[in-house]
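Subject: Structure for you to look at

Hello,

Here is the structure I said I would pass on.

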Amino acid sequence: MKNVLVLVHDDEGQEARLQVAFDMVRALDGHLVCLDVELLPMVAADAYSGMEVAQLACAEHDKSAANRARITQNLSREGIAWDWHRVIGMPDTAIENAIGQADVLVLSSHLDKGDTVELRQLANRIVSRIRRPVLAVPKTCKGLDLHGTVLVAWDGSREADQALHDAVPLLGLAGDVILIDIDEPKGPFALESAATYLSRHGIHPSVEVMQVESGQTIYSAILKRAHAARAAYVVMGAYGHSPTIETFFGGVTRSMLANSDLPVLLSH
């Protein structure tokens with residue numbers, strides 16, 4: 001995991017995304033790819049004149065240029081390897097076109113209604129459309145301790161299996177890995193198999209069966225355990241294909257993105 005792709009756009013989550021990406025690049029001795037997306041104004045045809053649309057586009061261009069100048073100046077002082085890709089268009093398309101040479105994508109987990117509509121729920125949309133892990137970062141995040149404790153939420157799904165596989169380069173840096181079972185699966189995707197897989201990579205997790213209290217949601221139970229362990233971030237699968245898994249774990253994914261105050265590494 002050497003190539004870290006981060007979305008650059010002047011919104012409330014940008015600083016958190018950048019600080020987390022910087023920490024990842026340093027810990028992994030990697031390379032940062034800044035994907036600077038200059039958004040096209042999305043307006044109703046009968047709501048604005050051609051002149052007004054042009055003015056909106058110019059305002060976005062000026063904002064993007066100022067943001068780029070500020071960040072590239074800061075990057076020169078970070079002491080990391082980086083490059084910059086500027087794209088005019090929609091963030092979903094820009095990410096899909098750029099993801100091929102990236103190992104992990106850093107996005108905001110959730111942005112409020114005050115932010116641009118194209119950026120809201122972006123992590124939620126994009127995670128099932130790319131074949132790379134997404135590190136979803138809350139906008140209050142100040143950085144990422146790759147050497148701290150990590151909580152891995154396991155439900156026996158193929159998505160959880162993919163997340164475990166994708167997270168190995170990061171888990172290898174962790175001081176402690178806690179593998180929690182949230183559905184007690186058996187067979188090839190049993191919790192013991194997941195722990196054995198990690199041990200063959202030199203990662204020896206502690207294993208727990210999570211108890212969900214009456215009236216408690218699964219996502220809140222995961223977060224409660226993560227906070228109790230002082231976890232730096234959470235690893236979990238996202239959006240299963242079958243209706244059963246989609247209902248069970250998909251709801252957890254959406255809730256984690258909307259409510260987690262910790263970064264969440266997601267894979268589909």
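In β10, A136 has V264 as its bridge partner. The strands involved are β5 (residues 134–137) and β10 (residues 264–267), which pair in the antiparallel sense over three bridges; two strands pair if DSSP finds at least two bridges between them. Helices (H or I, at least four residues) and strands (E, at least two) are DSSP runs, numbered from the N terminus.

This is a predicted model, where local features need pLDDT of at least 70 and side-chain atom pairs count only at pLDDT 80 or more, while totals for chains, interfaces and linings use all residues. Residues are numbered from 1 along each chain as its sequence is written, and side-chain values use heavy atoms, with hydrogens and water left out.

β5 and β10 belong to an open sheet of ten strands with mixed pairing, in the order β3-β2-β1-β4-β5-β10-β9-β6-β7-β8.

R68 lies in helix α2 (residues 50–75). Its side chain makes a polar contact with the side chain of D36, at 3.0 Å (a pair of N or O atoms within 3.5 Å; within protein, one must be able to donate a hydrogen and the other to accept it, and residues adjacent in sequence count only if both atoms are side-chain atoms). Leaving aside neighbours within four places in sequence, R68 is in contact (heavy atoms within 4.5 Å) with D36, W84 and R86.

The protein chain averages a pLDDT (the predictor's confidence in each residue, from 0 to 100) of 89, and 88% of the residues score at least 70.

Regards
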